[in-house]
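Please open the model in your viewer and keep the selection tool at hand.

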Amino acid sequence: RPGGTLWRAIRYWICRPLFAHCGQNVNICRDASIVFHTVSIGANSSVGPSAFVDRGTKIGTNVMMGPDVLIYTRNHCTSRTDIPMTEQGFRSVAAVIIGDDVWIGSRVIILPGVTVGSGSVLGAGTVVSRDVPPFAVVVGNPGRVVRYRNEPSRVTQNTDA
């Protein structure tokens with residue numbers, strides 16, 4: 001795209017001071033929404049197009065994020081039945097922590113308080129409601145581990161030519 005590298009650099013220099021911590025070579029894609037001054041992001045990481053990153057999120061280094069990712073760190077209070085939920089306010093922030101070298105696919109939703117282990121892959125459309133172990137490949141709703149990247153693959157290669 002014409003000017004793509006230039007716009008990326010401009011977004012980086014504008015957004016960098018707005019993070020609690022911002023590493024080098026960070027990419028903030030267009031239309032991303034971030035609750036600044038409370039989010040940390042490590043070097044060589046990116047926030048995908050149209051992503052939402054809530055307050056208190058910690059993103060490690062070398063994290064790839066697809067479009068439309070939603071990271072939430074708080075939720076509405078709903079326990080009282082004597083008053084409308086709209087008047088009950090919010091629960092406390094439960095930080096989301098994303099380790100290093102993580103790939104977050106398109107339209108993944110990460111819910112409050114989740115820790116995503118380093119080296120993990122979150123498949124497109126996954127809803128992550130519990131902690132993800134390091135090197136896990138997680139898919140589905142609710143997200144479930146289907147394999148580990150650091151274990152030998154059981155899939156045989158196609159030898160047909």
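Predicted model: local features only at pLDDT ≥ 70, side-chain atom pairs only at ≥ 80, totals over all residues.

A residue is called buried under 20% relative accessible area, exposed over 50%, and partly exposed in between.

**First stop: a loop residue.** Select Thr78, in the loop between strand E9 (70–71) and strand E10 (97–98). Is Thr78 buried, partly exposed or exposed? Its relative accessibility is 41%, and therefore Thr78 counts as partly exposed. Leaving aside residues up to four places away in sequence, Thr78 touches Met85, Gln88 and Arg91.

**Second stop: the open sheet.** Display the strands E3, E6, E9, E12 and E15. These five strands form an open sheet in the order E3-E6-E9-E12-E15, with parallel pairing. Strand E3 (33–34) and strand E15 (127–128) stand at the edges with a single partner strand each, so one side of each has no neighbour in the sheet. Within the sheet, examine E9 and strand E12 (residues 109–110), which run parallel and are joined by two bridges. Select Ile71 to find its bridge partner in E12, Ile110. In general, the strands of a sheet pair through backbone hydrogen bonds, either parallel or antiparallel.

**Third stop: both kinds of pairing.** Select E16 with its two partners. Strand E14 (residues 121–122) pairs with E16 in the parallel sense over two bridges, and Val121 stands opposite Val137 in E16. Strand E17 (residues 144–148), by contrast, pairs with E16 in the antiparallel sense over four bridges. Here Val139 stands opposite Arg144 in E17. The hairpin of E16 and E17 has four residues between the strands, and Gly140 takes a positive phi near 95° in this hairpin.

Which residues have the most contacts inside the largest nonpolar core? Select Val47, Ile98, Ile104, Ile110 and Leu122; the core to which they belong has 30 residues. Helix H1 (4–15) and strand E16 (136–139) are the elements that give two or more residues to this core. Next, centre the view on Ile98. Among the residues it touches, not counting those up to four places away in sequence, are Ile59, Val63, Ile71, Ile104, Ile110 and Val116.

**Last stop: a surface patch.** Select Leu6, Trp7, Ile10 and Ile14, which make a nonpolar surface patch of about 420 Å². Of these, Trp7 lies in helix H1.

How values were computed. Residues numbered from 1 in each chain as written. Heavy atoms only, no water. Core = buried A, V, L, I, M, F, W, Y, C linked by side-chain atoms within 4.5 Å. Buried < 20%, exposed > 50% of the residue type's maximum accessible area, 1.4 Å probe, protein only. Contact = heavy atoms within 4.5 Å. Patch = residues over 30% accessible without salt bridge, like charges linked within 9 Å, V, L, I, M, F, W, Y side chains within 5 Å. Areas by Shrake-Rupley, 256 points an atom, 1.4 Å probe, with all protein chains shown as cover. Salt bridge = Lys/Arg side-chain N within 4 Å of Asp/Glu carboxyl O. Pairing = 2+ DSSP bridges.
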